[in-house]
Amino acid sequence: MNDRLDEAIELLKTPPAVSVEARVMAEVRRMSLPAPKRRVVTWPRVAMLALAAGLAAILLVPRPPRPLPGDPGQGVAQFVGHFPGARSVEVVGSFNNWSRGILHLRDDDHDGIWHAVAMLPAGQHEYMFVVDGERWVTDPLAGRFVDDGFGAGRENSVLIVRPAVQP
């Protein structure tokens, strides 16, 4: 806990690229209202800037990761594949009985990098990508492979899922 507090203090000691004081003072100088009205208009803006600076400081202090809710027998699996020009990519495997239409990957920025995150039972799973509904592709980034059992030297990718919540 003290380490986290020390990190937060060090973070707060580091001056930002543009200080809050400089922005507040620039806003105060920018205002060209007569003196009696300046207090009415200036202080709410100063207070808002100070509040924004405080919230920014709170959000920038790193927090320890929270444990994921759920079954202690499950873990997070991330799937990533490079399929430029693909119209659809999904993952099939031992975790979903090799059924299509269950776990779709997304390429939101259309850069050819498809990704998905899923909660899966902890343990070892075999899987493949299905590209455009017909081409079955082994994940070259898997690192572990096993024979798919159908001959022809094809392999399934292997994924080991660790429990997200320790019992």
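Biologist: Are Phe83 and Phe129 buried or exposed?

Modeller: Both Phe83 and Phe129 are buried. Please keep in mind that this is a predicted model.

Biologist: How many aromatic pairs does a search of the whole structure find?

Modeller: The search finds 4 aromatic pairs. In one of them, the ring centres of Phe83 and Phe129 are 5.3 Å apart and the planes stand at 75°, so this pair is edge-to-face.

Biologist: Which parts of the chain does that pair link?

Modeller: The pair links distant parts of the chain, 46 residues apart. Phe83 sits in the loop between β1 (74-82) and β2 (89-93), whereas Phe129 belongs to strand β5 (residues 123-131).

Biologist: What kind of aromatic pair do Tyr127 and Phe129 form?

Modeller: Tyr127 and Phe129 form an edge-to-face pair, with 6.1 Å from centre to centre and 80° between the planes. Both of these residues are buried.

Biologist: Which residues do the ring pairs link into a cluster?

Modeller: The cluster consists of Phe79, Phe83, Phe95, Tyr127 and Phe129, linked by ring pairs.

Biologist: Let us turn to the largest nonpolar core. Which of its residues touch the most other members?

Modeller: The core has 19 residues, and those touching the most other members are Phe79, Phe83, Val89, Val91, Leu105, Leu120 and Phe129. Two or more residues come from each of β1, β2, β4 (113-121), β5 and β8 (155-161). The largest share, 4 residues, is given by β4.

Biologist: Where do the side chains point along β1?

Modeller: They alternate along the strand. Gly75, Ala77, Phe79 and Gly81 point to one face and are buried.

Biologist: In which sense do β1 and β4 pair?

Modeller: They pair in the antiparallel sense, over 9 bridges. As an example, Gly81 has Trp114 in β4 as its bridge partner.

Biologist: A new topic: Ser157. Where is it found?

Modeller: Ser157 lies in strand β8.

Biologist: And why does Ser157 count as buried?

Modeller: Ser157 counts as buried because its relative accessibility is 0%, and buried means under 20%.

Biologist: What does the side chain of Ser157 reach?

Modeller: It reaches the backbone nitrogen of Asp139, at 2.7 Å. Apart from neighbours within four places in sequence, the residues in contact with Ser157 include His125, Glu126, Tyr127, Thr138 and Arg144.

Biologist: Stepping back, what does the secondary structure of the protein chain come to?

Modeller: The protein chain has 3 helices and 8 strands. Along the sequence the pattern is α-α-α-β-β-β-β-β-β-β-β. Of its 167 residues, 25% are buried. Among contacts with a separation of 6 or more, 65% are between residues 24 or more positions apart.

Biologist: What pLDDT does the protein chain average?

Modeller: The average is 77, and 56% of the residues score at least 70. Over residues 64-68, pLDDT stays under 50, and the model has 4 contacts for them beyond four places in sequence.

Note on methods
Residues numbered from 1 in each chain as written. Heavy atoms only, no water. Phe/Tyr/Trp six-rings, centres within 6.5 Å; stacked < 30°, edge-to-face > 60°. Buried < 20%, exposed > 50% of the residue type's maximum accessible area, 1.4 Å probe, protein only. Core = buried A, V, L, I, M, F, W, Y, C linked by side-chain atoms within 4.5 Å. Pairing = 2+ DSSP bridges. Polar contact = N/O pair within 3.5 Å; in protein donor to acceptor, adjacent residues only side chain to side chain. Contact = heavy atoms within 4.5 Å. pLDDT = per-residue confidence, 0-100.
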